[in-house]
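Please keep the sequence and the model in view while reading.

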Amino acid sequence: MSLSQDILFEAQPYLIANEKHPFVQGIITGKLTPEQLSYYDEQDIAFEYNEVGVINALINYSTNTNQALLFHKRQDLQLHMLHDWLAREPESMPHNWQTLKQTTIQPINQMYRQHMVATIQTHSVLQILPSFAAGEWMYIELGKWMRNQTRVQEQPFKDFLNIGGGDFEGPNGYIQKFFDIIDHEAESATKREQEQAKQTFLKSCLLEWYFWDAAYKQITWNDWKDIALNGKDNAML
Ligand SMILES: Cc1ncc(C[n+]2csc(CCO)c2C)c(N)n1
């Protein structure tokens, strides 16, 4: 079994847990509040900016030119997606490059971002790529699953997680290419390095669930502070 097959086998329960999360269910039923949606929007765009740094590292530590070109192409797509995203819904949510840089990164987002950037110091594509590829894989799989669900046809729910196809899915999509790279790099890695790469992928899958959860509950540092300093009920965390 290749490392990517092993990883995907172990990632299945995480996929199912993500499918079951009330935020993901809320996308299907259209039952998310504007506050839950805008928390997600703001935190996620900041999350994707963090990915720009991770993709830069992948370009930097590529082990051959084809890898570097692939990651470079992915980076181009990332920056164009972010550009389009910033241009969307400017009245309801005034976000631009500047306000985005000042956005407070809330607890789970911070944990997930740091989990990803912490891999950069390994200087190893095998360690960095799974941290990033997991989120993309999760969204693509959720998108595929969504296509079999009877879902609300109103915006913004209609197009939420409606990613699939295009550049990401299928034998020539980014996800497959990322798994091919992971398997290629695994060939010259030790068992321990392979295990580390797998655990990094699974940790990202787990943090995907917590990212939905944080948006569903709109968890902020203020909630953390209230609980620690004012003894508020911590059941919500
Ligand atoms: C929590 C969270 N995890 C992963 C991604 C990354 N992501 C998922 S799908 C996709 C490409 C198509 O939009 C990207 C970059 C995200 N945005 N938010």
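Is the crossing of α3 and α4 left-handed or right-handed? The crossing of α3 and α4 is left-handed. The model is predicted. The mean pLDDT of the protein is 93, and 93% of its residues reach 70 or more. For the complex, the predictor gives an ipTM of 0.94 and a pTM of 0.94. Where pLDDT is low, the predicted coordinates should not be read in detail.

**Helix pairs**

| Helix pair | Angle | Axis distance |
|---|---|---|
| α3 and α4 | about 160° | 9 Å |
| α7 and α8 | about 155° | 10 Å |
| α2 and α9 | roughly 70° | within 8 Å |

Helix α4 covers residues 65-87 and packs against α3 at an angle of about 160°. The cut-off for roughly antiparallel is an angle over 145 degrees, and α3 and α4 are therefore roughly antiparallel to each other. On the α3 side, the contact is made by Ile 45, Glu 48, Tyr 49, Glu 51, Val 52, Ile 55, Asn 56, Leu 58 and Ile 59. On the α4 side, the residues are Ala 68, Phe 71, His 72, Arg 74, Gln 75, Gln 78, Leu 79, Leu 82 and Trp 85. By class, the contact of α3 with α4 has eleven nonpolar, four polar and three charged residues.

The axes of α7 and α8 are 10 Å apart, at an angle of about 155°, which makes α7 roughly antiparallel to α8. The crossing of α7 and α8 is left-handed. From α7, Val 125, Leu 126, Leu 129, Pro 130, Ala 133, Glu 136, Trp 137 and Ile 140 take part in the contact. They meet Tyr 174, Ile 175, Phe 178, Ile 181, Ile 182, Glu 185 and Ala 186 of α8. The contact of α7 with α8 consists of 13 nonpolar, no polar and two charged residues.

Helix α2 (residues 22-29) and helix α9 (residues 191-217) cross at roughly 70°. Angles of 65 to 115 degrees count as roughly perpendicular, and α2 and α9 are therefore roughly perpendicular to each other. Here Pro 22, Phe 23 and Val 24 in α2 meet Trp 212, Ala 215 and Tyr 216 in α9. The contact of α2 with α9 holds six nonpolar residues, with no polar and no charged ones.

**Ligand shell**

Which residues are around the ligand? They are Asp 44, Phe 47, Glu 48, Met 81, Gly 135, Glu 136, Tyr 139, Ile 163, Glu 208 and Phe 211. Two or more residues of this shell come from each of α3 (34-60), α7 (125-146) and α9. The shell has five nonpolar, one polar and four charged residues. Glu 48 of the shell is also part of the α3 contact with α4, and Glu 136 of the shell is also part of the α7 contact with α8.

**Backbone features in loops**

Where is Pro 156 found? Pro 156 is in the loop between α7 and α8 (174-187). A cis peptide bond joins Gln 155 to Pro 156, with omega about 0°. His 123 lies in the loop between α6 (107-117) and α7. Phi of His 123 is near 60°, a positive value in a residue other than glycine.

Technical notes
Residues are numbered from 1 along each chain as its sequence is written. This is a predicted model: local features need pLDDT of at least 70, side-chain atom pairs count only at pLDDT 80 or more; totals for chains, interfaces and linings use all residues. Axes are lines fitted to C-alpha atoms, for helices over the stretch in contact, and angles run from 0 to 180 degrees between N-to-C directions. Helices (H or I, at least four residues) and strands (E, at least two) are DSSP runs, numbered from the N terminus. Angles under 35 degrees count as roughly parallel, over 145 as roughly antiparallel, 65 to 115 as roughly perpendicular and the rest as oblique. Two residues are in contact if their C-beta atoms, placed from the backbone, lie within 7 Å. Ala, Val, Leu, Ile, Met, Phe, Trp, Tyr, Cys and Pro count as nonpolar, Asp, Glu, Lys and Arg as charged, and the others, Gly among them, as polar. A residue is near a molecule or strand if its C-beta atom, placed from the backbone, lies within 6 Å of it. pLDDT is the predictor's confidence in each residue, from 0 to 100. A crossing is left-handed if the near helix is turned anticlockwise from the far one by less than a right angle, and right-handed if clockwise.
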